[in-house]
Protein chains: 2
Amino acid sequence: MIDCDVHQNFDSLSELLPWIDPAHRDYIRHSGFGGFELPNYLTWTHPHGTTRCDAVPPDGGAPGSDYETVRKQLLDPLDIEYAILTGEDILSVSSLPNPQVAAAVATAYNRWLIDEWLPRDSRLKGSLIVASQGAERAAEEIRAFGDHPDIVQVLLPCAAPAGYGHPQYHPIYEAAIEVGLPVAMHVGGEGLGINPPPTATGYPTYYIEWHVLLIQCAMSHVAALTFHGVFERYPELRVAVIEAGVAWLPSLLWRMDTDWKALRSEVPWVKRLPSETVREHMRFTTQPLEDPEKLEQALGLVDGLEDMLMFATDYPHWDFDRPDLVSRRLPTSWRKKVMGENARALYGLPLAPAVSVTATEAGRTS
Amino acid sequence: MIDCDVHQNFDSLSELLPWIDPAHRDYIRHSGFGGFELPNYLTWTHPHGTTRCDAVPPDGGAPGSDYETVRKQLLDPLDIEYAILTGEDILSVSSLPNPQVAAAVATAYNRWLIDEWLPRDSRLKGSLIVASQGAERAAEEIRAFGDHPDIVQVLLPCAAPAGYGHPQYHPIYEAAIEVGLPVAMHVGGEGLGINPPPTATGYPTYYIEWHVLLIQCAMSHVAALTFHGVFERYPELRVAVIEAGVAWLPSLLWRMDTDWKALRSEVPWVKRLPSETVREHMRFTTQPLEDPEKLEQALGLVDGLEDMLMFATDYPHWDFDRPDLVSRRLPTSWRKKVMGENARALYGLPLAPAVSVTATEAGRTS
């Protein structure tokens, strides 16, 4: 089983200081109120806390910040073949107004990820986070780090001032293709900093509204990628959408197909039915899997959906999906694909050999 | 058959001058570049034009601006029992920064509607448009005109800087209940004037993106009405959502139910499953009915959906839905309800007696 969304984190941003370039080190130390902080990930605070209460490491610190806790709580007991690490606080990097600072923080994060996490355990695979505010700089980042053997994707936070189909983002896709990586978009940072309000009617009032509606960014990116013709321009490109659930996808595909039939003269570079393009080029992680009584019927509404879904736990978030519970709710014939094979194909992961775990300090290379 | 979305329009805003209060008449005549204009309804322009080409009146003018054309093209040939008029250009009134001007224009529109349209044909029923920028003033408008026998609902444009569940809008609901009218929300004005961008990732590039994604405002309003507990506070309130299609509704209800089970401590005033509340209190017009091959299967995913849908043509828009085509795609047992009975119940419309048409000029009372 491959878990496509595991949130490892730094305990505080100062943990990244050894990896930040000297030009920005003082900025991170001294700017703002006694040191730089990323915008608060959740303006809308979860009433019981955003993470599982049992995920705090034994010696304290942020959930997801301690490898041993992740191993004991997730990797070992759930028999996870690979865990795709997606970061946590760093996902609000797309909200920063200053693109140089954003890029510097992303680079420091990526170096920390590569040095501190990936060497520890052969099950861990990394996502290269880039600051989409500056696509040319992001492309350089991808070319600099994208060939690391344990980096499996480029990761963009969903929060953005434009749909990710917009030409301003194309350098990111060119670089990703060059290094042979898919690009992922992960929920995060919506409504913070320089990004637009998180819903089409502005700022919601409650966390529950924010959480129900955070699918709107994902919907917008799917439409923008499709109608800007990104997949016609970059046929090798594959894009994953992470932590937005999946129940909204069938109706969006119908709506896109219906409108394309009537309006394609406006976007003549879009050559095929949008649903066919999405089916070929995009993947969606299951979590948080919506919970209708008629799930199997709902999933059957899109041909080929079994090839588009990839399982994720979203550890250590509050709405963690247990693999056994998800698996038994999928149609039997879908289980192997959704619980592992689709992710293996997207990320080019070999059938895992015996797990190799490095002693905690041994992985540190700087 | 009852058509719940028919766009009558003025040919130009100056047509409303006889009905505007004297304090604002000069403003409408002289402000801006040689006269006040409502914000352009579509920044994102439809490649073939937003209305049916054949809907231009024989003597010219805006589609929907000539009663005889509406009668000959829609009411008579399609044997429409009632047509709910929903306006057109006026739907961007919620984008105006100046709340006094917005309210004055809405009032002039309502007086024009009542004097010029409603007396002409017993099949025509009107929507009282209010400027939601100022809820107290909107409530006065509802109390002033809401008891007109041919006004069947209060109408808010979907474009708004907050979800319509927010307490700032509650005076509108109190007044609507007082005069016994449902409240409708109609797509319109998204991303214009003082309203937020029309998607959660900002301004789309193309009309097709704008159109696919305009459901986001509707989704946000459904979530906001639910989680602010508007229907617990106003149990008599009924709300219709117009011109946003329906395929997105099942997955939104699942997502709201799932999150409510986990997060209801944040919104303890929400006493029931969101899907039950929506089923009891909300109605949705069918147009533009999304076109999946598996429509019947999709519609069956929500219990009671047959009681929530109301047919609409959206005349004279480009994506007009023909009643025979919609009807035959509905489950047989749903047809009577969706094509008329649900709207009759919501609007309290009697079984229509013989059609009464007034000679064109006779309806003019001012």
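**View 1. The largest cavity of this predicted model has a volume of about 160 Å³.** Welcome to the inside of the structure, which is a predicted model. The count of cavities of 30 Å³ or more comes to nine. Around the largest cavity there are 18 lining residues, and those nearest its centre are A:Ala247, A:Pro250, A:Ala298, B:Ser251 and B:Trp254.

**View 2. Both chain A and chain B contribute helices to the lining of the largest cavity.** From chain A, helix H9 (249–263) and helix H11 (295–299) each give two or more residues, and so does helix H9 (249–263) of chain B. Sorted by class, the lining has 15 nonpolar residues, two polar ones and one charged one.

**View 3. Here we meet B:Ser251, one of the residues nearest the centre of the largest cavity.** You will find B:Ser251 in helix H9 of chain B. Is this residue buried or exposed? B:Ser251 counts as buried because its relative accessibility is 8%, and buried means under 20%. Apart from neighbours within four places in sequence, B:Ser251 is in contact with A:Ala247 and A:Trp248.

**View 4. In chain A, helix H4 (residues 135–145) meets helix H5 (residues 170–179).** Their axes come within 8 Å and cross at roughly 10°, so H4(A) is roughly parallel to H5(A). On the H4(A) side, the residues making the contact include A:Ala135, A:Ala139, A:Ile142 and A:Arg143. Among those on the H5(A) side are A:Pro171, A:Ile172, A:Ala175 and A:Val179. By class, the contact of H4(A) with H5(A) has nine nonpolar residues, four charged and no polar.

How values were computed:
Residues numbered from 1 in each chain as written. Chains lettered and ligands numbered in written order. Predicted model: local features only at pLDDT ≥ 70, side-chain atom pairs only at ≥ 80, totals over all residues. Heavy atoms only, no water. 1 Å grid on protein atoms, 1.4 Å probe; cavity = no way out; pocket = protein on both sides within 12 Å on 5 of 7 lines; lining within 4 Å. Points joined across faces, edges and corners; volume = space filled by probe spheres on them. Helix = DSSP H or I, 4+ residues; strand = E, 2+ residues; numbered from the N terminus. Nonpolar A, V, L, I, M, F, W, Y, C, P; charged D, E, K, R; others polar. Buried < 20%, exposed > 50% of the residue type's maximum accessible area, 1.4 Å probe, protein only. Contact = heavy atoms within 4.5 Å. Axes fitted to C-alpha atoms, helices over the stretch in contact; angles between N-to-C directions. Parallel < 35°, antiparallel > 145°, perpendicular 65-115°, else oblique.
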